[in-house]
Amino acid sequence: MSHDPTGGAPSAGTLDEPGTPFLALDPGKTEANIARLRGHLDALGAELRPHVKTAKSVDVTRMLFNGRPGPITVSTLAEAEAFAEAGFTDILYAVGIAPDKLGRVIALRERGVDLVVLLDSLEQAAYVARAARSGETRIPALIEVDCDGHRGGVLPGDPAARQIAQTLVDGGAELRGVLTHAGESYFADGPVALAAAADNERRCAVKAAEDLRAAGHQAPVVSVGSTPTAHFATDLTGVTEVRAGNFVFFDLVMAGIGVCTIDDLAMTVVTTVIGHRPDKGWIVTDGGWMATSRDRGTTVQRVDQGYGLVADLDSALYEDLVMTDASQEHGILSIRPESGAELPDIPVGTRLRILPIHACATAAQHDVYYVTAPRSRTVRSRWQRVRGW
C-alpha cells in the first residue's frame with residue numbers, strides 16, 4: 001500500500017488564501033518523480049540513499065519510504081538532528097567534515113544514529129580519529145573522490161587516499177568506503193553526455209574502492225550520485241548506493257538538460273501581481289529573489305529561463321512570459337526578447353505560479369510547503385522545512 005502523502009488531512013483551504021509569496025507542492029508529481037527514479041535504480045540493482053537537502057522535509061522524505069524511515073543523505077547537521085528526532089537512524093552527512101562539528105556527530109552517534117562523515121584530507125582524518133578516541137565511538141567516514149573537477153575530493157589514483165584510510169584506521173575511526181558526486185553533470189546536455197557523466201562517476205568510485213581494498217582496507221560502501229547521473233546510469237556494477245535529491249521536485253535546470261519535462265516540476269512559488277509598467281513591458285509581482293532565490297542556472301543552457309517561468313494557479317503556462325528580473329521583494333515578468341507573443345493582461349491581485357530555476361535554492365527561501373491535492377488548488381496540508389546548519 002502506498003503512503004498517503006498528505007496523511008489524509010482535511011482541506012485547509014486553497015492557494016487563493018495564504019499570504020504570498022509561498023511554496024506550493026504537488027504531491028502527485030512528487031510521487032511520480034520518486035517512482036520513476038526508484039524504478040530505474042531497481043532495474044539496475046542499486047539502493048537509493050536520497051539526499052534530503054532539496055526538500056529538507058521529513059514529510060517529503062517519508063514519501064520515499066512509504067511512510068517509514070530509511071537511509072538518507074544530509075547536507076547539514078541540522079538536517080541530521082531533525083531527521084534523527086523523526087526516527088531516521090541511517091544518515092550520511094555528505095559535506096566535508098569541519099573539526100568543530102565533530103561534537104555534534106558524536107552526540108548523534110551516542111543516540112544510536114549511524115551517522116557517517118565525509119572527508120578528503122589527512123588533516124580531517126586526524127581530527128576524526130582524535131574525536132573517535134575522545135568520544136569512545138568509532139566514527140565511520142567515507143573518502144570523497146573527485147571524479148570531474150567540480151568540487152572537493154581526492155583525485156583518482158592519488159596515494160593520499162590510502163594515507164587517509166590508514167590514518168582513520170590507526171586512530172580508531174572506521175573507513176566505511178568512498179563517495180563521489182558528478183557535479184559537472186548539471187552542465188551536460190542531452191542523453192549521450194549525461195550517460196557519459198554517469199559512467200565516469202561509477203568508474204572513478206569503483207576504482208578508488210578497489211585501490212583501497214588492494215592496500216588491505218575494507219571499503220564496503222561505494223556511493224555515487226546526482227540527479228542527472230542517477231537517471232542516466234546504465235551500469236552500476238560495483239556501486240552500493242546512489243544519492244540524488246533534486247529529483248523529488250525537479251526544476252528548470254533539470255528540464256533544460258533533458259532529465260525531466262517542465263510538467264514534472266512539483267514545486268512552484270505562488271506570487272501576486274502588484275503592478276504594471278506598460279512603458280517597459282513589465283508585470284510586477286510581490287515575489288522577488290527572497291522568494292525565488294538569485295539562482296540563474298539556465299544562463300549557460302540553450303534556453304535561458306531567467307528567474308523562472310510563469311503559470312496560472314491551474315499550472316497553465318503563459319506563452320513566453322518569464323520572470324526576467326528580481327529585486328529583494330519584487331519580481332519582473334516580461335516577454336522573451338526574441339518572442340512575438342503579446343504581454344498578457346493580468347490584473348493586479350491575480351495569483352501566479354513561478355516555476356523554479358533551482359529547486360534546492362528556491363525551497364531554501366521558505367519555511368513551509370503548502371501541499372495541495374494532486375494537480376489542484378486545494379490545500380491539504382502544511383509541511384515544515386528544516387532550516388539552519
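**Exercise 1. Trace the hairpin made by β10 and β11, and find the turn glycine with a positive phi.**

Step 1. Four residues separate β10 and β11 in this hairpin, and the turn holds glycine 281, whose phi is positive at about 75 degrees. This is a predicted model, where local features need pLDDT of at least 70, side-chain atom pairs count only at pLDDT 80 or more, and totals for chains, interfaces and linings use all residues. Residues are numbered from 1 along each chain as its sequence is written, and side-chain values use heavy atoms, with hydrogens and water left out.

Step 2. Now the strands themselves (DSSP runs of E, at least two residues, numbered from the N terminus). β10 covers residues 267–277 and β11 covers 282–285; they run antiparallel, joined by four bridges. Strands count as paired if DSSP finds at least two bridges between them.

Step 3. Look across from threonine 285 in β11: valine 273 stands opposite. Glycine 331 in β14 also stands opposite threonine 285. β14 (residues 331–335) runs antiparallel to β11, with three bridges between them.

**Exercise 2. Work out how phenylalanine 83 and phenylalanine 88 are arranged, and whether they are buried or exposed.**

Step 1. The structure holds three aromatic pairs. Phenylalanine 83 and phenylalanine 88 make one of them, at 5.2 Å centre to centre and 80 degrees between the planes, so it's edge-to-face. The cut-offs: rings of Phe, Tyr and Trp (its six-membered ring) pair with centres within 6.5 Å, and planes under 30 degrees apart are stacked, over 60 edge-to-face, the rest tilted.

Step 2. Both phenylalanine 83 and phenylalanine 88 are buried. Buried is under 20% relative accessible area, exposed over 50%, partly exposed in between (1.4 Å probe, protein chains only).

**Exercise 3. Find the salt-bridge partner of glutamate 85, and say where each residue lies.**

Step 1. The partner is arginine 111, with the closest N and O atoms 3.1 Å apart. Glutamate 85 sits in helix α3 (residues 77–85) and arginine 111 in the loop between α4 (102–110) and β5 (114–119), so the bridge ties parts 26 residues apart in sequence. A helix here is a DSSP run of H or I, at least four residues. A salt bridge needs a side-chain nitrogen of Lys or Arg within 4 Å of a carboxyl oxygen of Asp or Glu.

Step 2. Check accessibility. Glutamate 85 is exposed because its relative accessible area is 62%; arginine 111, at 46%, is partly exposed.
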